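Subject: Model for your files, with notes

Dear colleague,

Here is the structure I said I would pass on. Please look it over before reading the notes.

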Amino acid sequence: MPDASVAIVGAGVAGAAAAIQLAGRGIEVDLYEAVPQPRPIGAGLLLQPTGQRVLAAMGLLDEALALGTRVDRLFGDTPAGRAVLDMSYRRFHPEAFGLGIQRGALMDLLWGRLRGLGVRWHCGAAVESFEQDPRGVTLSRADGGTARHAALILANGSFSKLRQRMKVGQHARLFPWGAVWTVLPAPADFPQIELRQRFRAASQMLGLMPVGRATHADTQRGINLFWSLPLAELDGWSTRIGLDRLKQQMAGLFPDVVPLIAGLTDPAQLREARYADVWMRHWHDGRVLAIGDCAHGMSPQLGQGANMALIDAHELAAEAGGDWPRVFERYTRRRRAHLRFYGQASRGLTPMFQSHAVVAPWLRDRFFGWGGRLPYIHQQSIATLAGYKTGWLWGRMKL
Ligand SMILES: Cc1cc2nc3c(=O)[nH]c(=O)nc-3n(C[C@H](O)[C@H](O)[C@H](O)COP(=O)(O)OP(=O)(O)OC[C@H]3O[C@@H](n4cnc5c(N)ncnc54)[C@H](O)[C@@H]3O)c2cc1C
């Protein structure tokens with residue numbers, strides 16, 4: 001194995017996008033993925049204008065737009081009809097919108113592109129550990145194989161054990177709530193929805209988002225359904241709660257969902273999601289760098305994880321060239337303000353939407369809707385959603 005090449009561990013959004021961006025700059029890349037035959041699965045994603053810019057830079061935005069669906073507005077309310085969130089991308093910028101897309105569709109686009117760039121892709125190659133020295137990094141695989149590389153990029157998700165080998169202050173805490181989710185075919189008579197959420201305090205939350213088609217050959221458009229659950233109920237939910245009761249709870253919270261969940265007939269259709277809050281003092285350690293959820297896993301409440309992963313890849317490529325430890329240090333400096341802001345926002349906002357808290361959601365219901373009608377607050381909220389903010393009071397990311 002050539003030791004001039006950079007190794008990327010994990011072929012999710014972060015790893016695949018980084019491989020594309022680096023290979024596009026003429027850098028030799030070896031991509032290691034644990035899954036023997038990666039298949040395009042995963043939740044529906046809302047890609048923000050920032051992430052869309054990265055897709056455009058990779059020449060993939062037009063195809064993503066053809067597969068996904070434009071989302072112009074987010075609306076969330078309570079069963080009593082109190083508007084909690086009402087955000088319109090157009091009020092941020094006349095041409096801005098979110099892109100609802102199936103993760104599988106996005107992965108197909110990314111994987112298709114990296115195959116065309118000559119990236120060496122090793123599937124079924126779980127990386128177990130690494131050692132670095134001043135000249136390079138040696139990877140050890142689960143099958144006993146080893147490989148030598150000039151540098152290593154960890155993009156293997158929030159629950160990465162490899163990250164713990166980096167000599168960097170860090171923690172990864174599981175959020176106490178997760179979710180079940182699925183993509184269901186939109187019934188013919190189902191109303192055209194934008195991103196739609198319904199909350200009861202913070203203990204019940206249903207989210208619906210149009211996510212377009214899985215492939216170009218598909219004619220059926222999908223709607224992503226998200227149902228929040230505390231971890232204690234998520235574990236073994238299909239026997240503890242059962243599908244019928246879960247559907248009753250969904251219909252009780254948001255009766256309009258009934259025609260959509262008629263298509264939900266088997267518990268196996270619902271996938272479970274658990275997510276962690278990953279914090280690192282910085283993201284580089286010599287010749288090793290962490291990106292994507294591995295570096296800054298967050299809850300999906302802000303719709304930013306995949307978006308941040310795409311931006312990581314783009315910003316890394318912008319610094320690439322020369323000595324890898326210096327490249328990684330510059331990358332950390334470049335990403336610090338943006339990633340710190342979104343980490344704090346995710347940590348602060350998640351309990352307002354997923355918890356047994358009483359006061360925080362009460363305040364949310366009273367002040368979010370009202371505050372959102374003030375132009376300044378709306379601007380700040382939608383700039384946050386669009387993925388541009390680098391600080392609480394000011395600071396915008398330039399892409
Ligand atoms: C329900 C839900 C809804 C979401 N909604 C949104 C949204 O609307 N918008 C948004 O931007 N984000 C959203 N996200 C977040 C988004 O899905 C993630 O942030 C994003 O997929 C992270 O990508 P990643 O490449 O960093 O990690 P992952 O997707 O976790 O990929 C890691 C890869 O590494 C591989 N791997 C793991 N260990 C090893 C190893 N030892 N060796 C080799 N390979 C390994 C794995 O098999 C996997 O392929 C959502 C997440 C969830 C759960």
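The notes below go through sheets and strands, then salt bridges, then helices and the surface.

This is a predicted model, in which local features need pLDDT of at least 70 and side-chain atom pairs count only at pLDDT 80 or more, while totals for chains, interfaces and linings use all residues. Residues are numbered from 1 along each chain as its sequence is written, and side-chain values use heavy atoms, with hydrogens and water left out.

Sheets and strands

An open sheet of 7 strands has the order β6-β5-β15-β16-β17-β14-β18, with mixed pairing. Its edge strands, each pairing on one side only, are β6 (83-88) and β18 (271-273). On average, neighbouring strands in this sheet are turned by 20° against each other, direction ignored. For that angle, axes are lines fitted to C-alpha atoms (for helices over the stretch in contact), and angles run from 0 to 180 degrees between N-to-C directions. Strands are DSSP runs of E with at least two residues, helices are runs of H or I with at least four, and both are numbered from the N terminus. Two strands count as paired if DSSP finds at least two bridges between them.

Strand β5 (residues 73-77) runs antiparallel to β6 and is joined to it by 5 bridges. Within that pair, L74 has M87 of β6 as its bridge partner.

Strands β9 (residues 127-133) and β10 (residues 136-141) are antiparallel and joined by 6 bridges. The hairpin between β9 and β10 passes through 2 residues, and Q132 has V137 in β10 as its bridge partner. β10 also pairs with strand β11 (residues 146-149), again in the antiparallel sense, over 4 bridges. Here S140 stands opposite T146 in β11. The hairpin of β10 and β11 has 4 residues between the strands, and G144 in that hairpin takes a positive phi near 95°.

Strand β3 (residues 44-47) is covered on both faces, with G44 and L46 buried on one side and L45 and L47 buried on the other. Buried means under 20% relative accessible area, exposed means over 50%, and partly exposed lies in between (1.4 Å probe, protein chains only). β3 runs antiparallel to strand β7 (residues 98-102), with 4 bridges joining the two, and L45 stands opposite I101 in β7.

Salt bridges

There are 19 salt bridges in the structure, each being a side-chain nitrogen of Lys or Arg within 4 Å of a carboxyl oxygen of Asp or Glu. One of them joins the side chains of D77 and R198 at 2.6 Å, N to O. This pair links distant parts of the chain, with D77 in strand β5 and R198 in strand β15 (residues 195-200), 121 residues apart. D77 counts as buried because its relative accessibility is 6%, and R198 counts as buried at 10%.

A salt bridge also joins the side chains of D143 and R141, at 2.8 Å, N to O. D143 is exposed at 52% relative accessibility, whereas R141 is partly exposed at 22%.

The side chains of R330 and E319 meet at 2.9 Å, N to O, in a further salt bridge. R330 lies in helix α11 and E319 in helix α10, 11 residues apart. R330 is partly exposed at 30%, and E319 is buried at 14%. Both belong to a network of salt bridges that links E315, E319, R330 and R334.

Helices and the surface

D312 is in helix α10 (residues 305-319) and is buried, with a relative accessible area of 0%. Apart from neighbours within four places in sequence, D312 is in contact (heavy atoms within 4.5 Å) with I291, G292, H296, Y331, R335 and L339.

In α13, H378, Q380, I382, A383, T384 and L385 are buried. Their cover includes β5, β6, α11 (324-353) and α12.

A nonpolar surface patch is formed by V358, V359, W362, L363, F367, W370, L374, Y376, I377, W392, L393 and W394, with about 1,400 Å² of accessible area together. The elements giving two or more residues to the patch are α12 (359-372) and α13 (375-385), and α12 gives the most, with 5 residues. Patches are made of residues with over 30% relative accessible area and no salt bridge, joining like charges within 9 Å and nonpolar side chains (Val, Leu, Ile, Met, Phe, Trp, Tyr) within 5 Å. Accessible areas come from the Shrake-Rupley method with a 1.4 Å probe, and for residues only the protein chains shown count as cover. W392 is in the segment after α13 and counts as exposed, at 51% relative accessibility.

Regards
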